[in-house]
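I opened my notebook for a quick tour of this one. Here is the structure I had on screen, followed by my entries.

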Amino acid sequence: MNAKFFWSDSSPITAILAFCLIALFKDLKIKSIAINYVASLTFGVYLIHEHPMIKFSMIFDKFIFLANTPPLIFIISLIGIVMAIYISCSLIDYVRLLLFN
C-alpha cells in the first residue's frame with residue numbers, strides 16, 4: 001500500500017477523520033464574539049489560499065529555503081508565515097464581506 005493512501009486529500013482515511021471531527025464538534029456552542037468572528041472568516045481563508053492561482057504562484061515551493069535553517073528559526077518563521085497568510089486572507093475575506101453584505 002502506498003503512503004499517499006494515508007496522506008492524500010482524497011484518501012478514505014482523510015474523509016473518515018473529517019467526518020469524526022465534524023461529529024465531535026457539531027454540538028459545540030461557543031459564546032465568544034471574537035472566536036465566532038474569526039471562525040466566520042476561516043472558510044474564506046481556506047478557499048483563497050487553496051485556489052490554484054494563489055497556491056502555486058505564491059505559496060507552493062516558496063519556503064523551501066527554510067528547510068536549511070536551524071530548528072528555532074524554522075519554527076518562528078513557520079509561525080510567522082502561517083499568521084501572515086491567515087491575516088492577509090482574512091483581510092481579503094473581510095473586504096468581500098463588506099462588498100457583498
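Are Lys 26 and Asp 27 buried or exposed? I looked them up, and Lys 26 is exposed, and so is Asp 27. For these words I use relative accessible area: buried is under 20%, exposed is over 50%, and partly exposed is in between, with a 1.4 Å probe and protein chains only.

A note on what I am reading: this is a predicted model, where local features need pLDDT of at least 70 and side-chain atom pairs count only at pLDDT 80 or more, while totals for chains, interfaces and linings use all residues. Residues are numbered from 1 along each chain as its sequence is written, and side-chain values use heavy atoms, with hydrogens and water left out.

**Entry: salt bridges**

I took a salt bridge to be a side-chain nitrogen of Lys or Arg within 4 Å of a carboxyl oxygen of Asp or Glu. The count by this rule is three.

- Lys 26 and Asp 27 are joined through their side chains, at 3.8 Å from N to O.
- Glu 50 pairs with Lys 55, and their closest N and O atoms are 3.2 Å apart. Glu 50 is partly exposed because its relative accessibility is 29%, and Lys 55 is partly exposed at 25%.
- Asp 93 pairs with Arg 96, with 2.6 Å between the closest N and O atoms. These two are separated by about one helical turn, because they sit three residues apart in helix H5.

I then checked the cover on that last pair. Asp 93 counts as buried because its relative accessible area is 3%, whereas Arg 96 is partly exposed at 39%.

Helices here are DSSP runs (H or I, at least four residues), strands are E runs of at least two, and both are numbered from the N terminus. How do I describe a packed pair? Two packed helices are described by the angle between their axes and the distance between the axes.

Helix H3 (residues 33-50) packs on H5 at an angle of about 105°, and the axes are 8 Å apart. H3 and H5 are therefore roughly perpendicular to each other. The contact includes Tyr 37, Leu 41, Val 45 and His 49 on the H3 side, and Ile 85, Cys 89, Ser 90, Asp 93 and Leu 97 among those on the H5 side. By contact I mean heavy atoms within 4.5 Å. The axes are lines fitted to C-alpha atoms, for helices over the stretch in contact, with angles from 0 to 180 degrees between N-to-C directions. Under 35 degrees is roughly parallel, over 145 roughly antiparallel, 65 to 115 roughly perpendicular, and the rest oblique.

**Entry: single residues at that packing**

What does Asp 93 touch, leaving aside neighbours within four places in sequence? I found Ser 40, Leu 41, Gly 44 and Ile 48.

Ser 90 is also in helix H5. Ser 90 is buried, with a relative accessible area of 10%. Not counting residues up to four places away in sequence, Ser 90 touches Leu 41 and Val 45.

Asn 36 lies in helix H3 and is partly exposed at 38% relative accessible area. Beyond four places in sequence, Asn 36 is in contact with Ile 30 and Lys 31. From Asn 36 to Ile 48 I noted 12 residues in sequence and 19 Å in space, C-alpha to C-alpha.
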